[in-house]
Protein chains: 2
Amino acid sequence: MTGPPTPTPAGPPDRRPGGRTARVRAQVLDAVRAELAERGHEGLTMERVAARAGVHRTTVHRRWRDVGGLLADVIDAAGETDWQPPDTGSLRGDLTALNREIQQSLVVRPSLALALMAASFHSEQAARAQTRLWAVRYAQCEVLVGRAAARGELPPGRTDAHGLLMAATAPVHHHLVLLRADPDPLLPERAAAAAVLAAAAGAFTRGGGGGGGDARQ
Amino acid sequence: MTGPPTPTPAGPPDRRPGGRTARVRAQVLDAVRAELAERGHEGLTMERVAARAGVHRTTVHRRWRDVGGLLADVIDAAGETDWQPPDTGSLRGDLTALNREIQQSLVVRPSLALALMAASFHSEQAARAQTRLWAVRYAQCEVLVGRAAARGELPPGRTDAHGLLMAATAPVHHHLVLLRADPDPLLPERAAAAAVLAAAAGAFTRGGGGGGGDARQ
């Protein structure tokens, strides 16, 4: 589901890395990012993107179809980079570093991450791409939980890695994206520390430990 | 900052509860909610709202100025209801019930809560109103943390009520608003339970306990 939705109809496109297809995509996605930074997704048009990218309008229309297609491809491209989660030697350190990265990506102005989240409220195609990107990021971060388990930092039993990662990172997103509060320099570490304490107490351990979904209030 | 931005210029408006001013506001805000439900904030226009409310266009323009003013007033109105946080007898029960309310408000279709969050990405005025509404909700929920402290459910010392409430509720928002995942019937309780375990371990206790902002990774 990643990449442009339709190949060019006239013969197989040149898909060598650095070939024309890749080059055109890079130019167009760079133009989308620049337009998003300057005027948000509401100001995004196929025409402006084509002009900025120096690519013919019909090429942009053929490969990305509409603004939703452009947004989705920018989001998909974010999932294609070889990003690696932090590896600091402790679960708390890793989650703190991860939260700092998240905070940084949301407070930088203009924030592409924020623009894409905003856009995905208004384009079904962007929303689906955003959901795919979250899945990629959560999968990439599972290694961080696996390492913590191997170091003995988590209670025995199966850890709900998604639940732990969400508990650690959701407050930073919540604070900046939904509450729209000023950045809190202490929050990345506090949210990480709280999630680690909950994890140590068995909050994310399934089939054992406390706090699981089978407990009753 | 709540309420319509400008009073009618022709003489003092009738501000008795149930008076004409209140009645017009109720009609107009009902129309905004109905329009949001049907077509989202992107389809919202002063003209459609006026027509639906059966109120003259010039009245709507004079009192709310623009679509941002209408959105902000709907959000402000949500903060004026006499909502009370749950009181179940335990911190975990209260936070679970709170999360279930939040989940319900976000999964109901159409979701006014979701529509207003989406709108506040695109209207500065709506965004400021949304920030005010969050502040009201957090303040209303502090009593829940105070009761838990009085029952001895929290470690001695000052509890960061905002931090605890955010840890408990952010995952439900995160899951439904940002990840756009299908509702998870276990998440309200799991997120509440994790926050309670973290709180018991001192994650939100300042000036004592573990996990505070002074700790280093």
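Colleague: With which residue does R128(A) form a salt bridge, and how far apart are the closest N and O atoms?

Modeller: The partner of R128(A) is E124(A), and the closest N and O atoms are 3.8 Å apart. Bear in mind that this is a predicted model.

Colleague: How do I read the spacing of R128(A) and E124(A) in helix α7 of chain A?

Modeller: Start with the general idea. An α-helix has 3.6 residues a turn, so residues three or four places apart point the same way. Now the case here: R128(A) and E124(A) are four residues apart in helix α7 of chain A, so about one helical turn separates them.

Colleague: Does E124(A) count as buried or exposed?

Modeller: E124(A) counts as exposed because its relative accessibility is 58%, and the cut-off for exposed is over 50%. R128(A), at 44%, counts as partly exposed. As for the rest of the chain, the C-alpha of E124(A) is separated by 9.1 Å from that of A72(A), 52 residues apart along the chain.

Colleague: Which parts does the salt bridge between E189(A) and R100(A) tie together?

Modeller: In that pair the closest N and O atoms are 3.8 Å apart. E189(A) belongs to helix α9 of chain A and R100(A) to helix α5 of chain A, so the pair ties together parts 89 residues apart in sequence. E189(A) is buried, with a relative accessible area of 6%, whereas R100(A) is partly exposed at 42%.

Colleague: How many salt bridges are there over all chains?

Modeller: The count comes to 32. One of the pairs is R151(A) with E153(A), whose closest N and O atoms are 2.6 Å apart. There is also a network of salt bridges, which links E35(A), E38(A), R39(A), R48(A) and R52(A).

Colleague: How many residues of α9(A) are buried?

Modeller: Of its 14 residues, 11 are buried, so α9(A) is largely enclosed by the rest of the structure. Among them are L187(A), P188(A), V196(A) and A198(A). The helix, residues 187-200, reaches 20 Å from its first C-alpha to its last, close to the 20 Å expected. After α9(A) comes G202(A), whose phi is positive, near 90°.

Colleague: What do the buried residues of α9(A) pack against?

Modeller: Both chains take part. From chain A there are α5, α8 and β2, and from chain B there are α8 and α9.

Colleague: How should I read the area buried between chain A and chain B?

Modeller: The size of an interface is often given as the accessible area lost when the parts come together. For chain A and chain B, that area is about 4100 Å², of which carbon and sulfur atoms give 63%. Between chain A and chain B there are zero salt bridges, but nine residue pairs are in polar contact. The largest share of the side of chain A that touches chain B comes from α8(A), with 10 residues. In contact terms, 47 residues of chain A meet 46 residues of chain B.

Colleague: How many of the eight residues of α6 of chain B are buried?

Modeller: Six are, and the helix is mostly covered. The cover includes α8 of chain A, together with α1, α4, α5, α7 and α8 of chain B.

Terms used
Residues are numbered from 1 along each chain as its sequence is written. Chains are lettered from A and ligands numbered from 1 in the order in which they are written. This is a predicted model: local features need pLDDT of at least 70, side-chain atom pairs count only at pLDDT 80 or more; totals for chains, interfaces and linings use all residues. Side-chain values use heavy atoms; hydrogens and water are left out. Helices (H or I, at least four residues) and strands (E, at least two) are DSSP runs, numbered from the N terminus. The expected span of a helix is 1.5 Å times one less than its number of residues. Buried means under 20% relative accessible area, exposed over 50%, partly exposed in between (1.4 Å probe, protein chains only). Contact means heavy atoms within 4.5 Å. Buried area is the accessible area (1.4 Å probe) that two parts lose on being put together, summed over both. A salt bridge is a side-chain nitrogen of Lys or Arg within 4 Å of a carboxyl oxygen of Asp or Glu. A polar contact is a pair of N or O atoms within 3.5 Å; within protein, one must be able to donate a hydrogen and the other to accept it, and residues adjacent in sequence count only if both atoms are side-chain atoms.
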